[in-house]
Amino acid sequence: MCEHSDNIAQFRGVSIDYPLKKYTIRAVTDVTFSLRRGQITALVGESGSGKTTLASSLIRCISEPGRVAEGEISFYGRTADGKIAETRVDLLTDKEMRAFRWSKVSMVFQAAQSALNPVLTVREQFSETLDAHEPKHSKEEKEARFRALLEYVKLDAERVLASYPHELSGGMKQRVMIAFALLLDPELIILDEPTTALDVITQNYIFTLLKKINRERGISMLLMTHDISVVAKFADYMGVMYGGRLMEYGSVAEVFRHRYHPYTRGLIGATPSIIGDISDMKPIEGSPPDLLNLPEGCIFSPRCPQCRAICMTQEPPMREFADGGKGKCYFYREGEADVSR
(Lines give C-alpha, C1' and ligand atoms only; values in the text may rest on other atoms or scores of the structure.)
Protein backbone atom coordinates (compact mmCIF):
# COMPACT_ATOMS: atom_id res chain seq x y z
CA MET A 1 0.00 0.00 0.00
CA CYS A 2 1.11 3.58 -0.50
CA GLU A 3 0.40 7.00 0.89
CA HIS A 4 0.13 8.92 -2.42
CA SER A 5 -3.47 9.95 -1.92
CA ASP A 6 -2.90 13.34 -3.59
CA ASN A 7 -1.32 11.92 -6.76
CA ILE A 8 -2.72 9.48 -9.28
CA ALA A 9 0.50 9.02 -11.26
CA GLN A 10 4.15 9.94 -10.98
CA PHE A 11 7.09 10.13 -13.38
CA ARG A 12 10.51 9.85 -11.73
CA GLY A 13 13.57 10.65 -13.84
CA VAL A 14 11.94 9.29 -17.00
CA SER A 15 14.00 9.30 -20.20
CA ILE A 16 12.70 7.84 -23.48
CA ASP A 17 14.89 6.76 -26.39
CA TYR A 18 14.30 5.93 -30.04
CA PRO A 19 17.19 3.59 -30.96
CA LEU A 20 17.87 3.61 -34.70
CA LYS A 21 20.52 1.87 -36.83
CA LYS A 22 23.19 4.56 -36.67
CA TYR A 23 22.21 6.58 -33.61
CA THR A 24 19.75 6.90 -30.76
CA ILE A 25 17.39 9.84 -30.35
CA ARG A 26 16.55 10.81 -26.76
CA ALA A 27 13.04 12.26 -27.10
CA VAL A 28 12.44 12.75 -23.35
CA THR A 29 15.17 13.51 -20.84
CA ASP A 30 15.01 13.06 -17.05
CA VAL A 31 11.41 14.20 -16.45
CA THR A 32 10.04 14.14 -12.90
CA PHE A 33 6.56 15.35 -11.95
CA SER A 34 3.22 14.11 -10.57
CA LEU A 35 -0.37 14.09 -11.80
CA ARG A 36 -2.78 15.30 -9.11
CA ARG A 37 -5.75 13.09 -8.34
CA GLY A 38 -9.05 14.47 -9.60
CA GLN A 39 -7.33 17.37 -11.38
CA ILE A 40 -6.61 18.28 -15.00
CA THR A 41 -2.89 18.53 -15.79
CA ALA A 42 -1.71 19.91 -19.13
CA LEU A 43 1.60 19.43 -20.92
CA VAL A 44 2.20 22.36 -23.25
CA GLY A 45 4.95 23.02 -25.76
CA GLU A 46 5.79 23.24 -29.44
CA SER A 47 5.52 20.23 -31.74
CA GLY A 48 8.30 17.74 -31.04
CA SER A 49 8.75 18.78 -27.41
CA GLY A 50 8.05 15.25 -26.14
CA LYS A 51 4.54 15.76 -24.72
CA THR A 52 2.83 12.82 -26.45
CA THR A 53 5.85 10.53 -26.07
CA LEU A 54 5.95 11.11 -22.32
CA ALA A 55 2.19 10.71 -21.83
CA SER A 56 2.08 7.57 -23.98
CA SER A 57 4.63 5.92 -21.72
CA LEU A 58 1.95 5.78 -19.02
CA ILE A 59 0.10 3.12 -21.05
CA ARG A 60 3.17 1.86 -22.92
CA CYS A 61 1.93 3.09 -26.29
CA ILE A 62 5.11 4.85 -27.42
CA SER A 63 5.57 4.63 -31.18
CA GLU A 64 8.08 1.99 -32.29
CA PRO A 65 11.00 1.73 -31.69
CA GLY A 66 10.65 4.03 -28.68
CA ARG A 67 11.26 2.69 -25.18
CA VAL A 68 11.63 3.97 -21.62
CA ALA A 69 15.39 3.94 -21.14
CA GLU A 70 15.56 5.31 -17.59
CA GLY A 71 13.31 6.15 -14.68
CA GLU A 72 10.15 4.89 -13.02
CA ILE A 73 6.46 5.37 -13.81
CA SER A 74 3.94 4.73 -11.05
CA PHE A 75 0.14 4.71 -11.03
CA TYR A 76 -1.78 5.02 -7.77
CA GLY A 77 -5.15 3.42 -8.37
CA ARG A 78 -7.96 2.41 -6.09
CA THR A 79 -8.45 -1.23 -5.17
CA ALA A 80 -11.80 -3.01 -4.83
CA ASP A 81 -11.96 -2.03 -1.14
CA GLY A 82 -11.35 1.66 -1.93
CA LYS A 83 -7.74 1.82 -0.79
CA ILE A 84 -4.90 3.21 -2.92
CA ALA A 85 -2.17 0.92 -4.22
CA GLU A 86 0.89 1.62 -6.35
CA THR A 87 1.33 -0.03 -9.75
CA ARG A 88 4.77 0.24 -11.34
CA VAL A 89 3.65 0.69 -14.93
CA ASP A 90 7.18 0.30 -16.32
CA LEU A 91 7.42 -3.19 -14.73
CA LEU A 92 4.08 -4.64 -15.92
CA THR A 93 4.12 -7.67 -18.21
CA ASP A 94 2.40 -7.40 -21.59
CA LYS A 95 -0.57 -9.35 -20.23
CA GLU A 96 -0.83 -7.11 -17.17
CA MET A 97 -0.55 -4.00 -19.35
CA ARG A 98 -3.42 -5.15 -21.58
CA ALA A 99 -5.61 -5.43 -18.48
CA PHE A 100 -4.36 -2.08 -17.16
CA ARG A 101 -5.08 -0.09 -20.32
CA TRP A 102 -8.59 1.32 -20.57
CA SER A 103 -9.66 -0.10 -17.21
CA LYS A 104 -7.29 2.18 -15.23
CA VAL A 105 -5.98 4.63 -17.83
CA SER A 106 -7.64 5.34 -21.19
CA MET A 107 -6.76 7.73 -24.00
CA VAL A 108 -8.54 10.06 -26.42
CA PHE A 109 -6.27 10.15 -29.47
CA GLN A 110 -5.44 13.17 -31.58
CA ALA A 111 -7.26 12.07 -34.74
CA ALA A 112 -10.58 10.35 -33.99
CA GLN A 113 -10.97 9.28 -37.63
CA SER A 114 -7.71 7.34 -37.43
CA ALA A 115 -8.41 5.91 -33.96
CA LEU A 116 -11.79 4.41 -34.93
CA ASN A 117 -11.97 1.29 -37.11
CA PRO A 118 -13.54 2.36 -40.43
CA VAL A 119 -15.08 -1.07 -41.16
CA LEU A 120 -16.88 -1.56 -37.84
CA THR A 121 -19.90 0.29 -36.48
CA VAL A 122 -19.56 2.19 -33.23
CA ARG A 123 -21.61 -0.52 -31.48
CA GLU A 124 -19.26 -3.25 -32.72
CA GLN A 125 -16.19 -1.32 -31.57
CA PHE A 126 -17.63 -0.64 -28.13
CA SER A 127 -18.65 -4.28 -27.79
CA GLU A 128 -15.25 -5.58 -28.90
CA THR A 129 -13.47 -3.51 -26.25
CA LEU A 130 -15.90 -4.35 -23.44
CA ASP A 131 -15.80 -8.08 -24.25
CA ALA A 132 -12.00 -8.07 -24.08
CA HIS A 133 -12.05 -6.70 -20.52
CA GLU A 134 -15.43 -7.65 -19.06
CA PRO A 135 -16.89 -10.59 -21.03
CA LYS A 136 -19.47 -11.38 -18.34
CA HIS A 137 -21.99 -8.76 -19.47
CA SER A 138 -25.15 -9.75 -21.31
CA LYS A 139 -26.12 -8.16 -24.61
CA GLU A 140 -28.79 -6.09 -22.88
CA GLU A 141 -26.37 -4.85 -20.20
CA LYS A 142 -23.83 -3.84 -22.82
CA GLU A 143 -26.42 -2.01 -24.90
CA ALA A 144 -27.63 -0.10 -21.85
CA ARG A 145 -24.08 0.97 -21.00
CA PHE A 146 -23.33 2.07 -24.57
CA ARG A 147 -26.50 4.15 -24.76
CA ALA A 148 -25.93 5.77 -21.36
CA LEU A 149 -22.39 6.83 -22.31
CA LEU A 150 -23.36 8.26 -25.69
CA GLU A 151 -26.28 10.15 -24.20
CA TYR A 152 -23.94 11.50 -21.52
CA VAL A 153 -21.78 13.09 -24.25
CA LYS A 154 -24.94 14.46 -25.91
CA LEU A 155 -25.18 12.09 -28.89
CA ASP A 156 -28.18 10.30 -30.38
CA ALA A 157 -27.30 6.82 -29.15
CA GLU A 158 -29.56 4.88 -31.52
CA ARG A 159 -28.19 6.59 -34.61
CA VAL A 160 -24.52 6.69 -33.56
CA LEU A 161 -24.30 3.06 -32.42
CA ALA A 162 -25.42 1.89 -35.87
CA SER A 163 -23.09 4.28 -37.72
CA TYR A 164 -19.66 3.76 -39.24
CA PRO A 165 -17.05 6.44 -38.44
CA HIS A 166 -17.28 8.06 -41.88
CA GLU A 167 -20.98 8.71 -41.28
CA LEU A 168 -20.24 11.01 -38.33
CA SER A 169 -18.94 14.58 -38.23
CA GLY A 170 -15.57 15.42 -36.67
CA GLY A 171 -17.17 16.67 -33.46
CA MET A 172 -19.38 13.59 -33.20
CA LYS A 173 -16.42 11.27 -33.70
CA GLN A 174 -14.49 13.04 -30.97
CA ARG A 175 -17.43 12.66 -28.56
CA VAL A 176 -17.59 8.97 -29.49
CA MET A 177 -13.91 8.72 -28.53
CA ILE A 178 -14.65 10.43 -25.20
CA ALA A 179 -17.47 7.95 -24.54
CA PHE A 180 -15.07 5.17 -25.59
CA ALA A 181 -12.54 6.42 -23.03
CA LEU A 182 -15.23 6.23 -20.30
CA LEU A 183 -16.33 2.71 -21.24
CA LEU A 184 -14.50 0.88 -18.43
CA ASP A 185 -14.71 3.65 -15.79
CA PRO A 186 -10.98 4.57 -15.79
CA GLU A 187 -9.42 6.74 -13.12
CA LEU A 188 -7.27 8.72 -15.57
CA ILE A 189 -7.84 9.83 -19.18
CA ILE A 190 -5.01 10.97 -21.47
CA LEU A 191 -6.10 13.61 -24.00
CA ASP A 192 -3.79 14.04 -27.00
CA GLU A 193 -4.75 17.31 -28.73
CA PRO A 194 -8.44 16.27 -28.51
CA THR A 195 -9.78 19.13 -30.65
CA THR A 196 -7.35 19.04 -33.59
CA ALA A 197 -9.02 20.05 -36.90
CA LEU A 198 -12.28 21.03 -35.18
CA ASP A 199 -13.82 24.49 -35.49
CA VAL A 200 -13.60 26.91 -32.56
CA ILE A 201 -17.22 26.41 -31.44
CA THR A 202 -16.87 22.62 -31.44
CA GLN A 203 -13.52 22.88 -29.64
CA ASN A 204 -15.13 24.88 -26.85
CA TYR A 205 -18.00 22.37 -26.61
CA ILE A 206 -15.56 19.43 -26.34
CA PHE A 207 -13.51 21.10 -23.61
CA THR A 208 -16.65 22.07 -21.69
CA LEU A 209 -17.75 18.44 -21.86
CA LEU A 210 -14.37 17.18 -20.67
CA LYS A 211 -14.37 19.60 -17.75
CA LYS A 212 -17.87 18.39 -16.82
CA ILE A 213 -16.65 14.77 -16.83
CA ASN A 214 -13.71 15.73 -14.63
CA ARG A 215 -15.84 17.59 -12.09
CA GLU A 216 -18.82 15.21 -12.00
CA ARG A 217 -16.99 11.89 -12.14
CA GLY A 218 -13.73 12.87 -10.48
CA ILE A 219 -11.68 11.43 -13.34
CA SER A 220 -8.13 12.79 -13.51
CA MET A 221 -6.96 14.03 -16.92
CA LEU A 222 -3.64 14.59 -18.68
CA LEU A 223 -3.92 16.95 -21.64
CA MET A 224 -1.28 17.48 -24.33
CA THR A 225 -1.58 20.68 -26.32
CA HIS A 226 0.45 23.40 -28.06
CA ASP A 227 -2.29 25.97 -27.32
CA ILE A 228 -1.46 27.71 -24.06
CA SER A 229 -4.77 29.61 -24.10
CA VAL A 230 -6.60 26.26 -23.77
CA VAL A 231 -4.45 25.46 -20.76
CA ALA A 232 -5.37 28.75 -19.08
CA LYS A 233 -9.08 28.00 -19.39
CA PHE A 234 -9.19 24.25 -18.96
CA ALA A 235 -6.38 22.93 -16.74
CA ASP A 236 -5.59 23.04 -13.03
CA TYR A 237 -1.87 22.24 -13.31
CA MET A 238 0.56 22.55 -16.18
CA GLY A 239 3.99 21.43 -17.27
CA VAL A 240 5.92 23.29 -19.97
CA MET A 241 8.09 21.04 -22.16
CA TYR A 242 10.87 21.94 -24.57
CA GLY A 243 13.24 19.61 -26.39
CA GLY A 244 12.12 16.64 -24.32
CA ARG A 245 12.73 18.40 -21.01
CA LEU A 246 10.29 19.67 -18.41
CA MET A 247 11.16 23.37 -18.15
CA GLU A 248 8.50 24.49 -15.68
CA TYR A 249 5.69 22.94 -13.64
CA GLY A 250 3.06 24.27 -11.25
CA SER A 251 -0.55 25.26 -10.84
CA VAL A 252 -1.93 27.13 -13.85
CA ALA A 253 -2.66 30.18 -11.71
CA GLU A 254 0.90 30.35 -10.36
CA VAL A 255 2.62 29.67 -13.68
CA PHE A 256 0.63 32.39 -15.45
CA ARG A 257 1.10 34.80 -12.58
CA HIS A 258 4.87 34.43 -12.23
CA ARG A 259 5.96 33.13 -15.66
CA TYR A 260 9.29 32.16 -14.16
CA HIS A 261 10.80 30.50 -17.21
CA PRO A 262 11.70 32.55 -20.33
CA TYR A 263 10.18 29.87 -22.56
CA THR A 264 6.88 30.04 -20.67
CA ARG A 265 6.88 33.82 -21.05
CA GLY A 266 7.59 33.38 -24.75
CA LEU A 267 4.66 31.00 -25.24
CA ILE A 268 2.28 33.34 -23.42
CA GLY A 269 3.61 36.37 -25.28
CA ALA A 270 3.08 34.68 -28.65
CA THR A 271 -0.58 33.87 -27.92
CA PRO A 272 -3.14 36.14 -29.64
CA SER A 273 -5.72 37.93 -27.50
CA ILE A 274 -9.14 39.22 -28.50
CA ILE A 275 -8.67 42.26 -26.25
CA GLY A 276 -5.00 43.03 -26.84
CA ASP A 277 -3.19 44.71 -29.71
CA ILE A 278 -1.68 42.29 -32.21
CA SER A 279 1.47 44.40 -32.15
CA ASP A 280 1.98 43.27 -28.54
CA MET A 281 2.48 39.67 -29.69
CA LYS A 282 6.11 38.60 -29.83
CA PRO A 283 7.12 35.33 -31.51
CA ILE A 284 9.85 33.17 -30.02
CA GLU A 285 12.76 33.68 -32.37
CA GLY A 286 14.57 30.69 -33.81
CA SER A 287 13.51 27.06 -34.12
CA PRO A 288 13.06 24.13 -31.73
CA PRO A 289 16.26 22.16 -31.07
CA ASP A 290 17.61 19.40 -33.27
CA LEU A 291 17.63 16.37 -30.96
CA LEU A 292 20.66 14.99 -32.80
CA ASN A 293 22.64 18.19 -32.35
CA LEU A 294 21.73 19.69 -28.99
CA PRO A 295 23.39 22.88 -27.73
CA GLU A 296 25.67 22.77 -24.73
CA GLY A 297 24.29 24.00 -21.45
CA CYS A 298 20.62 25.00 -21.36
CA ILE A 299 18.72 23.54 -24.30
CA PHE A 300 16.76 26.81 -24.66
CA SER A 301 19.86 29.05 -24.65
CA PRO A 302 20.01 29.67 -28.45
CA ARG A 303 16.52 31.23 -28.35
CA CYS A 304 16.52 32.74 -24.86
CA PRO A 305 16.52 36.53 -24.49
CA GLN A 306 18.01 36.20 -20.99
CA CYS A 307 20.87 33.89 -22.01
CA ARG A 308 24.13 34.43 -20.10
CA ALA A 309 27.54 32.78 -20.28
CA ILE A 310 26.66 30.11 -17.70
CA CYS A 311 23.57 29.11 -19.72
CA MET A 312 25.71 28.16 -22.71
CA THR A 313 28.03 25.88 -20.76
CA GLN A 314 26.04 24.32 -17.90
CA GLU A 315 22.55 22.83 -17.94
CA PRO A 316 20.49 24.48 -15.18
CA PRO A 317 19.12 22.28 -12.38
CA MET A 318 15.43 22.05 -11.57
CA ARG A 319 14.67 24.68 -8.94
CA GLU A 320 11.70 24.21 -6.59
CA PHE A 321 9.53 27.07 -5.33
CA ALA A 322 7.62 27.57 -2.10
CA ASP A 323 4.26 27.26 -3.87
CA GLY A 324 5.08 23.71 -5.01
CA GLY A 325 6.04 24.65 -8.56
CA LYS A 326 9.45 24.24 -10.14
CA GLY A 327 11.47 25.57 -13.03
CA LYS A 328 14.65 24.74 -14.93
CA CYS A 329 16.47 28.07 -15.27
CA TYR A 330 19.28 30.05 -13.66
CA PHE A 331 17.53 33.40 -14.17
CA TYR A 332 13.88 33.67 -13.11
CA ARG A 333 13.66 37.43 -13.05
CA GLU A 334 15.91 39.94 -14.72
CA GLY A 335 19.00 40.33 -12.56
CA GLU A 336 18.15 37.38 -10.27
CA ALA A 337 20.29 34.29 -10.59
CA ASP A 338 20.48 31.02 -8.75
CA VAL A 339 23.79 29.25 -9.30
CA SER A 340 24.03 27.57 -5.92
CA ARG A 341 22.41 24.28 -6.95
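Biologist: What is the order of the strands in the open sheet of eight strands, and how do they pair?

Modeller: In general, strands of a sheet pair through backbone hydrogen bonds, either parallel or antiparallel. Here the order is 6-7-8-3-9-10-12-11, with mixed pairing. Strand 6 (105-108) and strand 11 (319-320) are the edge strands, each pairing on one side only. Two strands count as paired if DSSP finds at least two bridges between them; strands (E, at least two residues) and helices (H or I, at least four) are DSSP runs, numbered from the N terminus. The model is predicted: local features need pLDDT of at least 70, side-chain atom pairs count only at pLDDT 80 or more, and totals for chains, interfaces and linings use all residues. Residues are numbered from 1 along each chain as its sequence is written, and side-chain values use heavy atoms, with hydrogens and water left out.

Biologist: How many bridges join strand 10 to strand 12?

Modeller: Two bridges join strand 10 (residues 245-251) to strand 12 (residues 326-327), and the two run antiparallel. Glu 248 is placed opposite Gly 327 of strand 12.

Biologist: Which strands does helix 8 touch where it packs on the sheet?

Modeller: Contact means heavy atoms within 4.5 Å. Helix 8 touches strand 3 (40-44), strand 7 (188-192) and strand 8 (220-225), and its direction makes about 155° with that of strand 8. Axes are lines fitted to C-alpha atoms, for helices over the stretch in contact, and angles run from 0 to 180 degrees between N-to-C directions. Helix 11 (residues 262-269) lies across strand 9 (237-242) and strand 10, at about 100° to strand 9.

Biologist: What is the strand order in the open sheet of four strands?

Modeller: The order is 2-1-4-5, with antiparallel pairing. Strand 2 (24-36) and strand 5 (84-88) stand at the edges with a single partner strand each, so one side of each has no neighbour in the sheet. On average, neighbouring strands of this sheet are turned by 15° against each other, direction ignored. Strand 1 and strand 2 pair in the antiparallel sense over nine bridges; Phe 11 has Phe 33, in strand 2, as its bridge partner.

Biologist: Which parts does the salt bridge between Arg 12 and Glu 72 tie together?

Modeller: Side chains of opposite charge can pair when their charged atoms come close. The criterion for a salt bridge is a side-chain nitrogen of Lys or Arg within 4 Å of a carboxyl oxygen of Asp or Glu. The whole structure has 18 salt bridges. In one of them, the side chains of Arg 12 and Glu 72 meet at 3.1 Å, N to O. Arg 12 lies in strand 1 (residues 7-19) and Glu 72 in strand 4 (residues 67-78), so the pair ties together parts 60 residues apart in sequence.

Biologist: Which residues lie nearest the centre of the largest pocket?

Modeller: A pocket is an open set of points on a 1 Å grid over the protein atoms alone, where a 1.4 Å probe fits, with protein on both sides within 12 Å along at least five of seven lines; lining residues have an atom within 4 Å of a point. The largest pocket is lined by 17 residues, of which Trp 102, Phe 109, Ala 115, Thr 129 and Phe 180 lie nearest its centre. Helix 4 (122-133) and helix 7 (170-182) each supply at least two lining residues, and the largest share, five residues, comes from helix 4.
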